[in-house]
Amino acid sequence: MIRARITGTGHFLPKQVYTNFDMEELCETTDEWIRQRTGIIQRHIADEGWGVSDLMLPAAQQALEMANLDPMDLEMVICATITPDHMLPATGSLIQDRLGAKNAGGFDINAACSGFLYSLGTASSMIQSGLVKNVLICGGELVSNRINWKRRDTAVLFGDGAGAVVLEADDTGHGVLSTYLRSDGAGKEVLWVAENGSKEPLTHENFRDGRLDIQMKGPELFKRAIIEFSDSIKRAFNDSGVKPEELGLFVPHQANERIMVGAAERAKIPVDKVYMNIAMTGNTVAASIPIALDQANRKGLISKGDYVLFAGFGAGLTWGSAMVKW
Ligand code: UT7
């Protein structure tokens, strides 16, 4: 049986850092509140003039290098992002070009914080069907220039960064064992940017302050995240046949330390098997799982044959999970 196996990982975080104490200067907040409610200590911020493809490119190059895959042999690029370089064209095409991957297709997936999981499901299906032999997924986000730094309810949460994985066809039993992807658009206003799409195009005439901000009903999202995270984890175990005690590592979307720990406890996953980097990165949306995965991989926390679980939740609403045999 052909499966999509992860053969390379990479990540990139811009050098500039805003600590919680920097945030105290920007909005009415405290280091203590941010740490206690979210687990965040600092977030990385891209330089002015950068686009998300500038963050994705080095992550992609690292992943290709680890996979020992020449860009000319790459067949597909999928970019998971809510902050593409441009409205048009897709960032997938830009990364394909910047890598010199002349024989690859490229497109984007917008599923917010679940974007990496949706991309993994798509890439896995493409490989299993025989459409392509390999796929590069880049999960990247440059949210800092979209944030209203005066809004403490969202400003303290997010950070910039990118992660990447290379998937290749494999027939040795390793690779993506299951993916579970769900959505509930009735919750669209729980986390959204109202303006600048086709429904409310941004013009000088209709500009209304606040409609371009990321708006979030935090506590509503928190409750829903705990429920759907837990359900997604259960699905991953059921669909893959892996037992919780066999799990090597859980790499969740990094939205809130309390959500990650709560979901792990409900699923009877020991907290030392949960990879968390939210303290140093904040919530990097579609980039969070692949950044965490690459860090864990390069620290030697994943060995061949280990079962690795991913789960995420975010705007849409969207959520899901995946189980991988390393
Ligand atoms: O990645 C996509 C998915 N995202 C999520 O899943 C996020 C889910 N939600 C959360 O993680 C949490 O709801 C937050 C971290 C966003 C907020 O934590 P919370 O414990 O739910 O706080 P809250 O929104 O209920 O606010 C509690 C208090 C409020 O003040 P009052 O009404 O009690 O006086 C807020 O106004 O904290 C206040 N507050 C803040 N205070 C200091 C809200 N934001 C801040 C802040 N600094 N940054």
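A salt bridge is a side-chain nitrogen of Lys or Arg within 4 Å of a carboxyl oxygen of Asp or Glu. By this rule the count comes to ten salt bridges. The model is predicted: local features need pLDDT of at least 70, side-chain atom pairs count only at pLDDT 80 or more, and totals for chains, interfaces and linings use all residues. Residues are numbered from 1 along each chain as its sequence is written, and side-chain values use heavy atoms, with hydrogens and water left out.

View 1. Helices (H or I, at least four residues) and strands (E, at least two) are DSSP runs, numbered from the N terminus. Asp31 is buried, at 12% relative accessible area. Arg35 is partly exposed, at 38%. Here buried means under 20% relative accessible area, exposed over 50%, and partly exposed in between (1.4 Å probe, protein chains only).

View 2. Arg235 is partly exposed, with 34% relative accessibility. Asp231 is partly exposed too, with 25%.

**View 3. Asp213 and Arg151 meet across two loops.** Their side chains form a salt bridge of 3.3 Å, N to O. Asp213 lies in the loop between β9 (191–192) and β10 (215–216), and Arg151 in the loop between β6 (134–141) and α6 (152–155), so the pair ties together parts that are 62 residues apart in sequence. Asp213 is buried, at 10% relative accessibility. Arg151 is partly exposed, at 23%.

**View 4. Four strands form an open sheet of mixed pairing.** The order is β8-β13-β12-β11. Two strands pair if DSSP finds at least two bridges between them. β8 (175–183) and β11 (247–252) are the edge strands, and each pairs on one side only. Neighbouring strands are turned by 10° against each other on average, direction ignored. Axes are lines fitted to C-alpha atoms, for helices over the stretch in contact, and angles run from 0 to 180 degrees between N-to-C directions.

**View 5. β8 pairs with β13 in the antiparallel sense.** Eight bridges link β8 to strand β13 (residues 318–325). Tyr180 stands opposite Ser321 in β13.
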